[in-house]
Amino acid sequence: MNNLSSISYFLPEFLIIITSLFVIVFDLVSLKKSNDILIGLGLACIAFLLYQLPKNGGEIFHGMLINDSFSYYFKWLILISTTSIIIVSKYSKELDLEYKTEFNALILFVLLGMFLMTNSIDLLMIYLSIELVSIPSYILAGILKNDKKSNEASLKYVIFGSFASGLMLFGLSWLYGISGSTNIYDIYQSIAMIDNPYMIYMSLMLILIGFGYKISMAPLHYWTPDVYEGSPTIVTAFFSVAPKVAGFAILIRTFFIVFTGSNSLVVDAIPLDGINWTLIIAVLSAVTMSIGNLLALKQDNVKRMLAYSTISHVGFMLMAFSTASIDGIIGIMFYLTLYMFMNLSAFFIVIHVENNFNAENIDQWGGMGYKSPVLAIFMLLSLVSLAGLPPTSGFVGKVYLFRTLFATEQFYWLGIIAILNSVISLYYYFKIVKSMYFDESDIKEEENTPLPLYLIIILFSSQNILFYMYWSPLYNYITSLFR
Amino acid sequence: MEKSILSLLIFLPVLGAIIMLPVSKYIKIPNVIKYIALGTTGLQLLLAGWLYMNFDASLSVMESPFTIQVEWIKHFNIEYFIGIDGLSIPMVLLTALLSFVCILASWNIDKKILGYFSLFLLLDAGMMGVFLSLDFFLFYIFWEVMLLPMYFLIGIWGGPQRHYAAIKFFLYTLFGSLFMLLAMIGLYYFTIPFNDGIGTFNLIKLIELAPQIDAQLWGYNVQWLLWISLFIGFAIKVPIFPFHTWLPLAHVEAPTAISVILAGVLLKMGTYGLLRISYPLLPGEVVAFAYTLAILGVINILWGALNAIAQIDMKKMVAYSSVSHMGYVLLGMAAVVSPSAAGAEAGMNGAVMQMFNHGTITAMLFLLVGVLYDQTHHRWIVYPENHDNQDLAGKLGFGGLASQMPIYSACVALAFFAGLGLPALSGFISEALCFIGGFSAFKLLTVIGTLGILLNAIYFLRAYQRVFLGPLNKAYEKLEDINTRELATVVPIAFLVLLFGVYPKPLVDMVSSAISSLISIIQGAI
């Protein structure tokens, strides 16, 4: 499709650009107070434009991007999580008021990058979209400019990120070298004819490094705990969900189209002859979830612990990805949806607790179950959900991840490792529960929860029960996208 | 009524728990929460009684008028499928009875009342759900739903080591149940080829489908792997040696009523699960595994009893006696492969009856230990050598209480004698049946197992002598005898112990037809 007619399929992204620019302009011309309205209006319009977007628009901009139902769904996840982050950021005491504009603008840039990540089908776009997410993220991590930890987080993130994206770029250039094209569908055509698997392995591994760093897959997870701990909590909440969603989108699309014999996201894929990448993913999945869980055991800092828990959840989702099946993709999309809600609600409650009680470590959560009973129950729900136990939706999500192994009849050993990991994860999630309910605390502090924050927490937490009682509609919707 | 009674049994406690929340806030009558809990469980007990009156043991689950089968999650073929048969009705009655009794026994809880009673009711709902579910997915969900309330009940209201006990209980059980989850999904997918390409969690349907699985995995038969994963899940709950180490800790640290539930109901879930799921679904593996199961049963009997002998804490002694008594159940269950039909029947009937009888007897034991503890705040039979108060170290904890608390002592005597299997009390009949069954199949093992009876007698009688007989310990001259409320918790259970000791027919009638169909499934696989 040519550039001009492509624009009508590009409207949400277009509006993100306009909104983010206006946010900056409004700040310059001292209209700071209207910024909230502007962003709210902008996001609402983006949501509307996304809603009316045709689900299967096909390739746009001469095969640079693609609009399909796969990217459509991921965009919704990204938009919902980002919107909630922007709303909650208003109530975070950590963020200095002075930087609110920069924060909003940067988040919107990242949002644009993540949208592009979900629908890039060209090597250049893949690289650019990842960088468009990464570079504002570095700044977001260091947005507390007088805070040492925040600075450290930002620096570590920059160094690690540029290293990983450099390697990825190298991998992408290999891919271009062996196929002579940058469009992944064209690459798929020519890559099947190459009989030297080492060249393909080389590019595959290098590309995996770039994507793996984005989703914090082991052994590229080292930046995660430090960055998550150092960044302001609201930014950590953002990092732990939205870029992971986008990272999975790009990982799934690229690997399914380039490195399998199917050329499409709609049918089960078989890895290219001689390229056994599913086994690599399976091993990395086992390593990722084990490392995430084992290191989380020792953490006392809530944010750091949740960072490691994010790593282990990524490992769980990679488990489904390693089956290279439609069932696996659906399982990941289903789990990502639930994970987004439960993880964000946990983080928002952490923000609330930090605002009110200044608690960073787990033992400072002592007696929270009696100090703010309602929020503590929601926290409990979210933690149980993260641990994957009934009666919460996290359990359902986990069952669907497990079942992909059985449905495709491979990697049963991975299921056993995953089960052992579930048991471990319970221990550290319940360190918080133990602190909240078993430890007494006589500190009585005035609690002040802004209504919007409260509503978002309730909305996001209640899904833990709702999607546990009846998850058919969500699952059927995701399945219908693949028809 | 018939269609809704089983759902009512499960969800009535949930309703009670929900009602408590507004009531605790707006209605300021003392003990109103306790009365709601009592009313809910009382109503549940009445419903269970009505169910028992209308229960027809000769009907199979599918013919029973109580069965409900409703679609829940269509694409995964999960059903809300609950029903009752001879295997589950004793457990349902036991659960309803013990829940009611335990609410009474928890009357002097004074810390975080709302939390305690609402969690207790949720636990009650979970237990009922496990015993009534006939869909594996539903079964698993109820099985796991119980963990959370139990974790809090031990961790908040328990003894000094409660935090450690709570998380240990939780981790152990979760470890087992996650293997069960794998087996559940495995059963679903491996039976797809035999069911027109549709997977199912329906436990009744799976009885026909599961034995047809003939796939191999890692060089093992898939049926064998399924059996092992299920077995790990259930063995931890029973608990079967060497998975039993969570039990003494959890039982001792939990408050009295929760110990009763743990020992009386939760342990039975392990053996119930084996009988409900592993036995009918994988009969071939049962036959192959029976000898191992019998060995494990005998180890349980002896190991539990020997440990109980070594205990100087009364509650810990009772906890280890549970390990021993569950060993009888395992031995009786293993006897299903017996070459003589009568032996198999005796063993299996004995096992199911022992599940019920141990539930009542151990409940009585824990309740009575709790009564003493409430007054004296310790339960040492003999003070330990490293006791804080060096004057007391190594001395008898009590002594001569029989003269001070005659009614209480009589109750304890009854409970202890029931525990050691005295004839004319219910424990005797079921234990004897287990041994008869066991002997017909495994002669030597059963002979070794009977040593357990002797060992049981040693610790129960010695404890009784040390605590109740002899001269009265001067420190306890002011002790009051058991009060009416406490007596009300013990008497109904004692009545059942006596009744089923002399007239076990109602119990046998309830279970026998379900048992014989189970036996014929297993015997068909030999």
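In this predicted model, B:Asn77 sits in the loop that runs between strand E1 (68–73) and strand E2 (78–82) of chain B. Its phi is near 55°, a positive value in a residue other than glycine. B:Asn77 counts as partly exposed because 17 C-beta neighbours fall inside 10 Å. Most residues other than glycine have a negative phi, and most peptide bonds are trans.

Cis peptide bonds occur in chain B. One joins B:Val238 and B:Pro239, with omega of about -10°. Another links B:Phe241 to B:Pro242, and here omega is about 5°. B:Pro239 is placed in the loop between helix H9 (222–237) and helix H10 (246–253) of chain B. B:Pro242 is likewise found in the loop between H9 and H10 of chain B.

The confidence of the prediction was examined for chain A. Its mean pLDDT is 86, and 98% of the residues of chain A reach 70 or more. Among the elements of chain A, helix H6 (residues 123–141) has the highest mean pLDDT, 91. The lowest, 80, belongs to helix H1 (residues 3–6) of chain A. Where pLDDT is low, the predicted coordinates should not be read in detail.

The two chains touch. Contacts involve 23 residues of chain A and 23 residues of chain B. On the side of chain A that touches chain B, two or more residues are given by each of helix H17 (393–408), helix H18 (412–437) and helix H20 (472–481) of chain A. H18(A) provides the largest share of that side, 10 residues. By class, the side of chain A that touches chain B holds 17 nonpolar, 4 polar and 2 charged residues.

Helix packing was examined within chain A. Helix H10 (residues 223–230) of chain A packs against helix H13 (residues 302–321) of chain A at an angle of about 140°. Their axes are 8 Å apart. The crossing of H10(A) past H13(A) is right-handed. H10(A) contributes A:Thr224, A:Pro225, A:Tyr228 and A:Glu229 to the contact. From H13(A) come A:Lys303, A:Arg304, A:Ala307, A:Tyr308, A:Thr310 and A:Ile311. The contact of H10(A) with H13(A) divides into 5 nonpolar, 2 polar and 3 charged residues.

The largest nonpolar core has 384 residues. Those with the most contacts inside this core are A:Val245, A:Met317, B:Val92, B:Val336, B:Met364 and B:Leu368. Helix H14 (residues 326–357) of chain A supplies the largest share of the core, 20 residues. Beyond its neighbours within four places in sequence, A:Met317 is in contact with A:Phe248, A:Ile332, A:Tyr335, A:Leu336 and A:Leu401. In soluble globular proteins, nonpolar side chains tend to be buried together.

B:Thr489 is located in helix H19 (residues 484–502) of chain B. B:Thr489 counts as buried because it has 28 C-beta neighbours inside 10 Å, and the cut-off for a buried residue is 20 or more. B:Thr489 and B:Val101 lie 388 residues apart in sequence, yet their C-alpha atoms are 5.2 Å apart in space. Setting aside neighbours within four places in sequence, the contacts of B:Thr489 are B:Val101, B:Leu104, B:Ala105 and B:Leu367.

How values were computed. Residues numbered from 1 in each chain as written. Chains lettered and ligands numbered in written order. Contact = placed C-beta atoms within 7 Å. Helix = DSSP H or I, 4+ residues; strand = E, 2+ residues; numbered from the N terminus. Nonpolar A, V, L, I, M, F, W, Y, C, P; charged D, E, K, R; others polar. Axes fitted to C-alpha atoms, helices over the stretch in contact; angles between N-to-C directions. Left-handed = near helix turned anticlockwise from the far one by under 90°. Buried ≥ 20, exposed ≤ 12 C-beta atoms within 10 Å, placed from the backbone. pLDDT = per-residue confidence, 0-100. Core = buried A, V, L, I, M, F, W, Y, C linked by C-beta atoms within 7 Å.
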